[in-house]
Amino acid sequence: MKILVTGGAGYIGSHTCVELLERGYEITVVDDLSNSNKKAIERVKQITGKDFTFHEVNICDKAKLDEAFEVEKPDAVIHFAGLKAVGESVEKPVEYYDNNIGGTLNLIRSMREHGVFNIIFSSSATVYGDPAEIPISENCPKGMCTNPYGWTKWMIEQILTDTAKADERWKVILLRYFNPIGAHESGLIGEDPKGIPNNLVPYIAQVAVGRREALGVFGNDYDTPDGTCIRDYIHVCDLARGHVLALDHINKMTGSDVFNLGSGRGYSVMEVFHAFEKACGKTLKFEYKPRRAGDIPVCYCDPAKAKKVLGFETQFDINRMCADSWNWQSKNPYGYNECEQ
Ligand code: NAD
Ligand code: WQD
């Protein structure tokens with residue numbers, strides 16, 4: 001089977017490409033490099049010893065996207081391409097709706113015109129909003145999102161579900177990721193945020209490597225054991241494996257289906273901070289800051305459905321996640337760049 005991976009140069013996409021190649025899939029990557037670096041593609045080839053084609057294409061450009069489909073003739077698509085910075089989406093809603101929703105509509109049209117009807121989509125726990133139940137199962141109703149980024153995921157889920165309902169040739173799997181962290185054990189690929197990191201582990205990693213002074217902990221007055229927020233962190237390589245299992249499943253199913261991909265275990269901000277200190281062998285600085293707007297106190301999943309249907313279970317614990325994040329960051333202090341950009 002040949003898989004067209006949109007956003008395959010990005011953090012989760014590059015790890016999934018490694019997993020796909022190691023499992024014997026053929027791949028081709030479509031990415032406009034708007035939030036990634038071409039070096040990630042080279043490093044995926046280095047890790048796996050396998051070659052594949054790369055199309056530097058914005059999925060909003062239908063003609064160029066069509067060209068990639070014509071040349072590559074894929075059997076399925078894994079769709080990672082999208083903008084993902086929550087705060088930026090509040091500042092630039094039109095750009096987010098345009099890129100994420102417009103891009104996905106283009107992709108659906110292009111797929112249909114080229115007879116490709118299997119798609120796995122990167123959704124997010126953010127679609128649950130302030131969740132009605134903890135742990136969060138897939139039956140938990142989708143909620144009100146607090147930002148345009150979240151709404152793009154919410155709406156793309158609906159668009160893909162409706163597409164599968166209207167035409168039985170389509171098979172759609174929506175994967176709702178919880179909080180991906182960690183990196184490939186080689187330390188050759190990992191998360192490389194542009195500018196000041198929005199997410200917890202990339203921020204701690206930059207403190208550990210000396211690029212930032214101290215972690216700001218957003219709120220220590222939540223109703224949780226240590227007062228800081230609890231999240232369900234998942235190793236990016238576990239997450240990548242989840243995509244391959246979803247691909248195995250897509251051939252056996254009809255219509256659309258949705259799965260949580262998380263560990264089912266919650267860790268507080270301070271637990272992650274201390275696990276990272278242990279991983280890097282240093283004492284790091286932190287300071288308590290006010291709560292961040294839009295944060296929910298507790299979020300972790302019920303992983304039972306992914307286990308039962310896909311046979312998916314996470315393998316890596318928080319210590320391993322932090323050790324691998326540190327391995328990547330210490331070997332690549334400025335990510336794929338040589339110095340601060
Ligand atoms: P990322 O930014 O590293 O990867 C996304 C990739 O898509 C980048 O390489 C970027 O250049 C590319 N891209 C963006 N817009 C494009 C366009 N119009 N055309 C072509 N390429 C485009 O992000 P990631 O963390 O790897 O996330 C991958 C997907 O998973 C995203 O859809 C994201 O919303 C979703 N997701 C991420 C998280 C997370 O915490 N990282 C959680 C839940 C869901
Ligand atoms: C985790 C915890 C912060 C940074 C986000 C998106 C979500 C999904 C995953 C894409 C929270 C705290 C963070 C910092 C801190 N992405 N924190 N200091 O908010 O759970 O989820 O990424 O779909 O949609 O919202 O992840 O890593 O930003 O935060 O104290 O400098 O760490 O308050 O409690 P979040 P995160």
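How much accessible surface does the chain have, and what share of it belongs to carbon and sulfur atoms? After that, please look closely at Gly219: where is its place in the chain, and which residues is it in contact with, leaving aside its neighbours within four places in sequence?

Analyst: This is a predicted model, and the values below are computed from it. The accessible surface of the chain comes to about 14,600 Å², and carbon and sulfur atoms account for 49% of that area. Along its principal axes, the C-alpha trace spans about 55 × 45 × 40 Å.

Turning to the part you asked about, Gly219 sits in the loop between strand S8 (215-218) and strand S9 (230-231). With a relative accessibility of 3%, Gly219 counts as buried, because buried means under 20% relative accessible area. Leaving aside its neighbours within four places in sequence, Gly219 is in contact with Gly227 and Thr228, and also with Lys289, Pro290 and Arg291. For the chain as a whole, among contacts between residues at least 6 apart in sequence, 79% join residues at least 24 apart. Gly190, by comparison, is 29 residues from Gly219 along the chain, and the C-alpha atoms of these two glycines are separated by 27 Å.

Most residues other than glycine have a negative phi, and most peptide bonds are trans. Leu33, in the loop between strand S2 (26-31) and helix H2 (38-48), has a positive phi of about 60° although it is not a glycine, and Leu33 is buried, with a relative accessible area of 18%. Lys73 also has a positive phi, of about 50°, and is found in the loop between helix H3 (62-72) and strand S4 (76-79); Lys73, however, is exposed, at a relative accessible area of 62%. Finally, a cis peptide bond joins Ile134 and Pro135, with omega at about -5°, and Pro135 lies in the loop between strand S5 (118-124) and helix H6 (148-166).

Definitions and conventions
Residues numbered from 1 in each chain as written. Chains lettered and ligands numbered in written order. Predicted model: local features only at pLDDT ≥ 70, side-chain atom pairs only at ≥ 80, totals over all residues. Heavy atoms only, no water. Contact = heavy atoms within 4.5 Å. Areas by Shrake-Rupley, 256 points an atom, 1.4 Å probe, with all protein chains shown as cover. Helix = DSSP H or I, 4+ residues; strand = E, 2+ residues; numbered from the N terminus. Buried < 20%, exposed > 50% of the residue type's maximum accessible area, 1.4 Å probe, protein only.
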